[in-house]
Structures are given as structure tokens and as C-alpha cells.
Amino acid sequence: MNIKTPEALAKMAGVLKSRPKPPVQILVSVGTCGLAAGAGAVLKSIYDEIVERRLENAVEVVEVGCMGLCYAEPVIMLNDRRSGKRLIYGDVTPQQVPAIIAAGTDSIAAGTRTIERSWYYPEFEKPEPGELQARIVLRNTGRLNPEKLEQYIENDGYTALAKALTTMTPQQVIDTILASGLRGRGGGGFPTGRKWQFAAAQPAGEKFIICNADEGDPGAFMDRAVLEGDPHSVLEAMAIGGYAIGANTGVIYIRAEYPLAVRRLENAIGQAREAGLLGKNLFGSGFDFDIQIKFGAGAFVCGEETALIHSIEGMRGEPTVKPPFPAVEGLWKRPTVVNNVETFACVAAIIRKGAEWFKSLGTTGSPGTKVFALAGKISKVGLAEVPMGTTLRDIIYRIGDGIRDGRQFKAVQTGGPSGGCITAKNLDLPIDYEALKSIGSMMGSGGMIVMDEDDCMVNIAKFFLEFTLDESCGKCTPCRIGNRRLFEMLEEITDGRGTLETIEKLKALSAIIKDTALCGLGQTSPNPVLSTLANFPDEYIAHVKEGRCPAGVCQKLIHFDISDRCVGCGLCLKNCPVNAISGEKRQRHTIDQSKCIKCGVCFRVCKFHAVDKK
Amino acid sequence: MKINLKINDQPVSVDSGCTILEAAEKLEIKIPTLCHFTMDCFNVEHRSGSCRVCVVEVKGRPNLAPACCTPVVEGMEVRTNTLRAINARRTILDLLLSNHPKDCLTCPKNLECQLQALAQEMGLHHLLYKGEQSTFNKDLSSFAIARDLDKCIMCRRCETACNKVQTVGVLSGVNRGFRAVVAPAGMKRLADTECVFCGQCVQACPVGALSEIDYKYPVWRALNDASKTVIVQTAPAVRVAIGECFGMEPGAVSTGKMVTALRMLGFDKVFDTDFAADLTIMEETTELIDRVTKNHDLPILTSCCPGWVKFLEHQFPELIYMPSSAKSPQQMFGAIAKSYYAEKIGVKPEDLIVVSVMPCLAKKYEAARPEFAPNGVRDVDIVISTRELADMIREAGIQFEELEDGVYDSPLGESTGAAVIFGATGGVLEAALRTAADWIAGQDVREIDFKAVRGMAGIKEATVNVGGIELRAAVCSGLGNARKLLEKIERGEANYHAIEIMACPGGCINGGGQPYHHGDTSRLEKRMAALYRADAGLPIRKSHQNPDIIKLYEEFLGEPGSHAAHKLLHTAYIDRKNG
């Protein structure tokens, strides 16, 4: 296969589309999350069942990337092409497979869990009336087999590249991206078109375009989903970007902890080269472009573009002062554009459908969609793509189905360790880059960690800061030492050693770290502290003035007591790991506070709610 | 192109590409710095922007800007002394001190420490932040350089010295976050690395994280041991630098005062490494003429500098046939002292203690190389640096500035102008050319100032007519420059007869054991000028005319290159590619 012209591509897509297809399609989610949950065994069982029932010609099995339904993995979806009916099953076990296949789409197999379709709308690039999700970035993820180039081509793959190379000038490509208002999805929100324009304006010569796939925010996994589920969309976009800025080499910087994504990328690059979609003289335009993969060793700071570039160069992955900006002096001192995976995943769709179409979604300042990774205390953990401007309430309650176990919502952290927490009063704010900034948080890469009443906000701040502490490169003083001191102050507070003065020092030092740190990591590292301080001052004050942790999390500030509800059953006594509980049978037991390690076992095992946590 | 900006409301116009710090200097506005380091005469710039001590307010910019690495732009308005900037600076310093040992009184960099100076300058008398402090193991594994990483402030100056200037590549940032520190990869001990002990990192380090291994106490012990005869040799570059330790002007030649001070300290004899430098020229020039006339194993490389020799052994082991086999002056002195001189005065070699005063830290390592200890007795027993000698003089209560001039003892104290200039880059080659010219021409050539090989340039080339032979010579200082030149030779792009190489930029005047220059390279230029002044003022300026050298050959060695000379004065090099 060697696709040399747009016509050849169109012809091939036509042939693929008109190919007769089996009446039933079974999609099996085999992303990292699916495989970890047991999708491999489910898949094998499906194949076995098909052979057993001689359904080879009646059923098509498609191994797809993440469908976004992480809370219910392994997930499979049945599509009946004749009736248009479809069914999604979650928490599938290999044992359920025969019943599911036997039932088809006509009835629901007994003893299984089905998933409401409203959660998952891969085929809609605009939300259906009454629905929330729209899929541009995830347009193919969870729908196509990421290891098969034909499926990508069948679904308009590489037509944007063909269009750009054969009908547009590089400047027209940049103008389209500029007009679309696409902004960097890695977190900063810098207009992608402007980045491209800067690099394009540099004198001709060797230039580079880099895909930043060093996803590292705790709880963020949207880039992995795209790379595992739709690698060709990133390759196509990088080639378009390369054409726009005049780069013939693309580099994907991906963390080595994403082995499946790496494998699928390598496979996709190989296929694209073989098909002539990467390499020399693409679509006969005279434009050469190829892509290499570089591995990151799992340092969060390497997501910062200058650190990322140094890491590719074989240097220690740490940021340097800007200017010079990478667009002027980047990889190997050549003009370089660094874009995030999700940003690239939008590009081909924009070129294909135009800037106006993209702008019809989202808000004026932030057009398009954003993928969020829902995690934490939310009922339905998973990936959701919504138009910018959707409210947090819709995302958390309508897509995420609210808080787990019927608990009360307390806050949601966006922007990962660089972001801030958002409280109930802002749940109805339509969110985009500016809106999140205005309430003390940020878009970040799109992680959304939901917290409920059982989360202590001081402890949450400590958790995020500890992450930054481990991931700081240690280059500049405020980040290296300042964050360590912030962490120690938070520890003082959660240990009950803090005072009101500690809180003042926290605020003052946080402000100076933000003002003086060298790179984005350091400049945003105190955000979780500042935003919890701003939104939950009472919790901090309860810790330092009353020696009390309102959420009952901070071990040094809680204690367990046995009330008169105790019937003397002895269960707590038997379970206590340090023999801190004593008492006669059928008598009220007591806890020796000097021995108690506050593990909470007694609290959990007591059937009479006789153990109080204070 | 000129850029106009305002700093603290004062207009200033500077070249584009200038930093805020440079623009402020023009207005004589001082912005404190710590990690920033330059060595102007070698074009060395270290601007990592990592300490954040120099932050200033720039109108329109959301956060503070590091003055040392923020380029000026047209219309910029900078404020250096707002409450916001001062607060930030104080906090940064406070944070640095919160993870810095407070043992200033006993620190090797006490009063030379730039962190200490900054705390004094900024009037920081009360610390707000306390918490965990680093606890690394001290590295005292080598004979030359001590590392105390608890004091490392991550300014990365040593890294620039080691990697960019010297291209040795031993030091780099390791670990993350609070535990980040500059160290050899894998936190190896220095002795287990390719470190050449040039000590440029020690010169660059603003705090006590890097210093020399201190041998003052062993010297005191030897001086007070009645069973030992203790003699001392002083390297050429020491005499033009030691005065700085006593507040004398850089470039003062204090040879006489130094000799007097050494005698007062109790050394039995005060000798001069310059004597051995003349001896080195005798051997090396013999080898040079031999190789040039027979046209083999060219170019000949100098071998006086132990840092450079170790660099070659690790980095270019395939070229180890190139350096002259002549030992360095320090080791020639030791070998002669423990044989010729010991015999002369009737003392057993093991009862004769040879102490060296060197501008260098690698000399400490060189003296400890096993091949320089025949029968287990080291030729040079103890090596101290210029700084350590100054400490000893101070400790003994000697008023150095007030001393009368003394003269070196005989017979290992006589030297020539050719030997004095060993202390500057180009000096060894010039000394060799003076002797070679006479020997080849067979007469006393009068034109002896080979100015083309003088000066601070990192690589100097000259074609000189020596007794009718057109000799192509090059001089390199700084190992980064040496690497460039050697790679050219390997590629066959350069063709020389002789090359002088010194590990430290500028030569021994900028050695790792010299008084700290803190980036003020005008001090180095003055030291260099002083050496050439001293040379010009000496009656004898050619090594082979040193009467004591002539006597040494007559009485003991025979002639240059003889069997006896080879046994005592020559050595061989080791392939250290694999460690």
C-alpha cells in the first residue's frame, strides 16, 4: 500500500466503506485500564464463543481503545447494524460472555450490568439535544481499532493532511488554526496558531515539532487514552503542524510508563511509513515528514517544554529561563513547537471541517471541547469530553453521577498539583480557561479530582504539595527549599503543632514562591495551598486553634472512644492490632489512648456504632 | 542596536542582548547575585538563573524577573528595590540558609564565602524558616578535593567549570526536589570518577561545598618532628598570588617575603620548584629536538600539569605516546631531593620530608601517584596549596606584609627567568624554545621573548624559527580548549611539532589552589604580568644556563636524556579509558 495522492486516499476510503460488514459488531475496550481490569480474558472468551457458535461471518470483533467508562471496565459494546440497536455491558466477566452473545441486542443477558448510553456518545461531534458530551479529541477512541490503519482511513483519516498539503499553503494552515481559536490543551492555554506562527516566522532551516506526551498529573489519563485509542490522529496532526512551520521532523516525547501507548504509536508510525503517509514527498507535495519517539523517564517536570527539550537532548530534564522561547531556540537550538497530545488530536478535525465549525463549540475565548479525567470520590470514574463552557455541576452530577456512596460534595480539584480546588458555590460556572483562573484554579491538563466531606482540605493540600516536592527538579531555590518548608508547615498543622502564625507564614511563603520560581511547576506549586486556604479557612483554623480535624482524617488530631452503646461483644478487642482495647464480655469496653494508633479498625468493625471518632 | 530602558527611574541605554543586571551595573545600581558567575577574560558565563537572589520587578510582568538572565527590551521599566523585590530576595536567602549548615566559623570558605557575604550585605539577622536539612556523606576520597554536599546551594557554577570550561563532565545535577545536589553521576566518590582534580570547581564554588583536602596539620607535625629534615619547594605561580591573602595588591611579587616566612615556619631548607622547572626544560627540550629532528611521535605535548595528564589518560588514551616522558617539575624536584640532595646531606630518603607549595590541587593527587614512590617512599611527601600556606603563615602569627626579603637555599634554589614563567599559559613552551634555539643554533641567541605564545587566549598558535627550523607550536589552557585541539589532531586537521597544555584556563596563576578570584579575572591578568616582570628582571633567563643545573648534570646525572636522568626524571602514562 502506498498512498501517493489525495485521490488514492479517497478511493481507498471508499472501498473500505463499501466493504460488506458482518451484521453484528462487538467492541471490546482494550486500553491499559481495560486490560488491567481483565479485558484480555473477556476478549479470549468472545473469540472462543464465536468459534464455538460458528459466528465468524456474523460477528465482527473490534479491539478498541478506552471508551471512557473506567468505572465499569471491562466494557464491551454490541452494535447491531441491521436494527441499529446497541448495548453496553460493564464489569464483564469471561463467564458472562456466552450469555451476552446469545442474547445479542434483543435482550439483556441475565446477571450482567448494562450501561446507560447517555454516558458514551463517541459518534457525535456535537452533543445531541439533552446530552452533554461531544467528541472531537476522542472521535475515534473507543470506536476504532487503533492498530489498524484501514479503520482510520475508512473514517476520514489522513484526509486533513491531504487537504493541507495539496490545497493549502503553510500560512493558510496556520491561519485556519489561528481562526479556530484552538488553545494548548496541556494546561497553559496558549493559542496554538500563534505558537506555530512564531516558529514559522523563524528563518528557514531545520525545525522541529514535538508532541508532548509526558502526561504526569495525578489522576490525568486523557493523553494516554488518545495515544492508545487513536494514534494516527496524532501522527496526522504532527505532519500538518510540521508542514505549517516548516519542520520535517517530529518527535513524540512519551513517558516510558505508557508501554501500550508506545507500542501502538510505534505500530502506527510503521504503518504510516509503509503507506507513504510519513516519509518523503507526502501526497506528491514535495513535503517530507517523519516522526521519532523519545522516552521520558517519568519526571513530571519534563512536561515543561524547555525541560522536555533538554531531556530529548540527553541532558538533565530541567527547565531553563525563557526567553529564548522554544519557537525561536528549541531542540538542538533550532526553532521548535511543542504541543500536547490533546491539542494535536483537534488539529485534523479543524483542518477537515474548518475553523467556524470548531468555534461553534465551546465558548468565545475557549472554542472546542475539553477532555476531563474524572477521579476521586465520584460515582463514575472515567473520561468525558464536553464542550468548553459546560458547568462543573453537569460534569460531576450528570456525567459522573454525583458523589460516591451518597456522600456530600465538598470540592473538586482541577489542574492537578498546579491547580486549585473549586467549591460548591462555583459548581454552576461555565468553565473555560479564564473562568477557572478567575476562581483560583486552572484548566491544567484536565484532571478532575472530586472530594467529599470525608476529605480534609489541609491534608489534600499536603498531598498535592508532596507530589510537587517529589517531582521538582530542584533547580531553583523557591521550589527546591521553599516547597519543602511549605510542606513542613502543613505537617505542623495536620499534626496539631501549628498556630495562626503558621497559617500566615504559609500564605506569605506561597506568594513568594509563586513570584520567584523559575518554571511553571514551581510558580504554580503553592496553588493547592492557597486555594484550600481561601476556600476552607475554617478547616485550617480548626486544626490550629481547636486541635481538631473536622473531616476526621488527620491521625494525630483524632481519637476513638467507645460509647455506652457498646454491648461488650468483643469484636473490636479481637481486631485491635495493638491490644489497646480491654473489657469484660458483655461489659462496655474501653480504649487505652496511650496504646491506640488510630488505625480505625474498631470503628469499622463495630456493628453497634458504639465507637465514636472525634 | 541600542536598547533604552529605565531602572529605578534612571534612563539607560545598552546593547541589545544585555541583561538587566548588566544594565544596572552601568548605572552603578547593585543587584545582589549568587549563582551568577563570569570569567570575562575566558568568555565564561554561567547564568543558570537558579538561585533567584537577583529578582527585580519589571513593569507589566506578572512575576519577578531574575536580573542576571533576563534580557533587556525597549521601554522596559525595572525596579530593583521595591518592598516586593526585597521581601522576595530576603526570603530566598532565608530559605537557602534554612538548608545550610551554620558552621561558618570552621568552614574552609569562612570569609571567602559568598553566601556569608550576601547575608551580611543584606543584613539578615533573623531567620524565619527552619526545617529539614540535607545530610549527605562528606567525600574525602581523593587526595585533592573535599566535597561537603550539605553546603551545596545548587548554583551549578562547578558544573559549568567542570563541563563547559573543562569538558571533564564529572559534576552534574543529581536527585530531585529537596535532595537535588551537584555530584558525580550515581553519587560516586570523586576518587572513583574521571575527575582530574584541576580544582576549577573549587574556585567556582561560592560556598564551602567544594574545598581542598587540607594538609596543613601534617606539615606542622613534620616541622615539629626532630627526627626529620623538612625541606620545601615553591611553585612559580605561588609567589605572584600569595600576597593577595594578606591584602597586598594582585600582581605583587612576594618571592622574598615568602622565603622568609617559610624559614620562620621552621623549614630546614627553602628551595624552589623553579630549579626543577629548569631541569624539566633540559630533559623536555632534549626530547623535543630528538623528535623534531627524527620526525617521529609528533607533536610532543608538555607533561608538567598533572590535571592535564590525567585528562589525557582518561579521554585520549590512544594519544598517551605524545606527551614528553619528562616528569613534572614538582616530581623532578622530589626525585632529585630524595637522591642527589639526600645523599649530599647524608640523610636517608625516608627521613627527608619534601613539602610542596603549589597553586594547584591536582599536585596533591600527582604526588600520591604510586609510580612516584620508589620503594614505598614518596618523592614528594606533602602538598599544600597557596591558600594553605597563607593560612599557616597567619596561624604562626607572621606579619607577611612586613617581612624582609629572603633568598632561596642552595643547591636546589637557583633558577632562571625561563622557570618563573612556567606559572602562566605559554611559559613552558617559551622556556623550551629559549633552550632549543640556543642548542640548535649552537650559540647564545639574544631574541628570547616569544610573545606570540603569551596572553590569556585559550588556544595560541605560532610558527617560530628556532635555529633555522620552522617550528609549529601551539599553546592551550583550559581542558575544553585542549579537547578541541586534540580532536583536531586526531582528525588530522592540525599539524604541530610541540604543544603546551595546562588544565586551568590561564595556567597555574589560575590554579585550583590559588587565592579565590571570585570571577574577577583582572587579578589573573595581574598575576600573569607579574610573572613576566619577574622573568625580565632576572639575570639568567635560559634554563640551560642555570649554574646549579649545570652542576647537577656534572656531578650526578651526566647529560640530559642519559640513563641516570631517565631513571630519575622520566615517567610513563597509564591508559585509564576503563577507570
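Mentor: A crossing is called left-handed if the near helix is turned anticlockwise from the far one by less than a right angle, and right-handed if it is turned clockwise. The model shown here is predicted. In it, helix 6 of chain A passes helix 13 of chain A in a left-handed crossing.

Trainee: At what angle do the axes of helix 6 and helix 13 of chain A cross?

Mentor: The axes of helix 6 (residues 159–167) and helix 13 (residues 341–353) of chain A cross at roughly 60 degrees and come within 8 Å. An angle of 65 to 115 degrees would count as roughly perpendicular, and one under 35 degrees as roughly parallel. Helix 6 of chain A and helix 13 of chain A are therefore described as oblique to each other.

Trainee: Which residues meet where helix 6 and helix 13 of chain A are in contact?

Mentor: Helix 6 of chain A contributes A:Thr159, A:Ala160, A:Lys163 and A:Ala164, which meet A:Ala348, A:Ile351 and A:Arg352 of helix 13 of chain A. Sorted by class, the contact between helix 6 and helix 13 of chain A has four nonpolar, one polar and two charged residues.

Trainee: How are helix 18 and helix 19 of chain A arranged, by angle and axis distance?

Mentor: Helix 18 and helix 19 of chain A pack at about 160 degrees, and their axes are 10 Å apart. Since an angle over 145 degrees counts as roughly antiparallel, helix 18 of chain A is roughly antiparallel to helix 19 of chain A. The crossing of helix 18 and helix 19 of chain A is left-handed. Among the residues that make the contact are A:Leu486, A:Met489 and A:Ile493 of helix 18 of chain A, and A:Leu506, A:Leu509 and A:Ile513 of helix 19 of chain A. By class, the contact of helix 18 with helix 19 of chain A has nine nonpolar, five polar and three charged residues.

Trainee: Which elements of chain A give two or more residues to the side that touches chain B?

Mentor: Those elements are helix 17 (457–471), helix 18 (477–494) and helix 19 (500–516) of chain A. The largest share, eight residues, comes from helix 18 of chain A. Overall, 27 residues of chain A are in contact with 29 residues of chain B. The residues on the side of chain A that touches chain B divide into ten nonpolar, six polar and eleven charged.

Trainee: Let us turn to sheets. In what order do the strands of the open four-stranded sheet in chain B lie?

Mentor: The general idea is that two strands pair if at least two bridges are found between them. In chain B, the open sheet of four strands has the order 13-12-15-16, with parallel pairing. Its edge strands are strand 13 (269–272) and strand 16 (382–385) of chain B, each of which pairs on one side only. From one strand to the next, the twist averages 25 degrees. Strand 12 (residues 229–234) and strand 15 (residues 352–358) of chain B pair in the parallel sense over six bridges, and B:Val230 stands opposite B:Ile353 in strand 15 of chain B.

Trainee: Which strands of chain B do helix 8 and helix 10 of chain B lie across?

Mentor: Helix 8 (residues 273–294) of chain B lies across strand 12 and strand 13 of chain B, running at about 35 degrees to strand 13 of chain B. Helix 10 (residues 329–345) of chain B lies across strand 12 and strand 15 of chain B, running at about 155 degrees to strand 15 of chain B.

Trainee: Where in chain B does B:Pro299 lie, and what is the peptide bond from B:Leu298 to B:Pro299, cis or trans?

Mentor: B:Pro299 lies in the loop between helix 8 and strand 14 (300–301) of chain B. The bond from B:Leu298 to B:Pro299 is cis, with omega near -5 degrees. In chain A, a cis peptide bond joins A:Glu73 and A:Pro74, with omega about -5 degrees. A:Pro74 is found in the loop between strand 2 (59–64) and strand 3 (76–80) of chain A.

Trainee: How many helices and strands does chain A have?

Mentor: Chain A has 24 helices and 18 strands. Its radius of gyration is 27 Å, close to the 25 Å that the globule rule gives for 614 residues, so chain A is as compact as a globular protein of that length.

Notes
Residues numbered from 1 in each chain as written. Chains lettered and ligands numbered in written order. Predicted model: local features only at pLDDT ≥ 70, side-chain atom pairs only at ≥ 80, totals over all residues. Axes fitted to C-alpha atoms, helices over the stretch in contact; angles between N-to-C directions. Contact = placed C-beta atoms within 7 Å. Nonpolar A, V, L, I, M, F, W, Y, C, P; charged D, E, K, R; others polar. Rg over C-alpha atoms; globule rule 2.2 N^0.38 Å.
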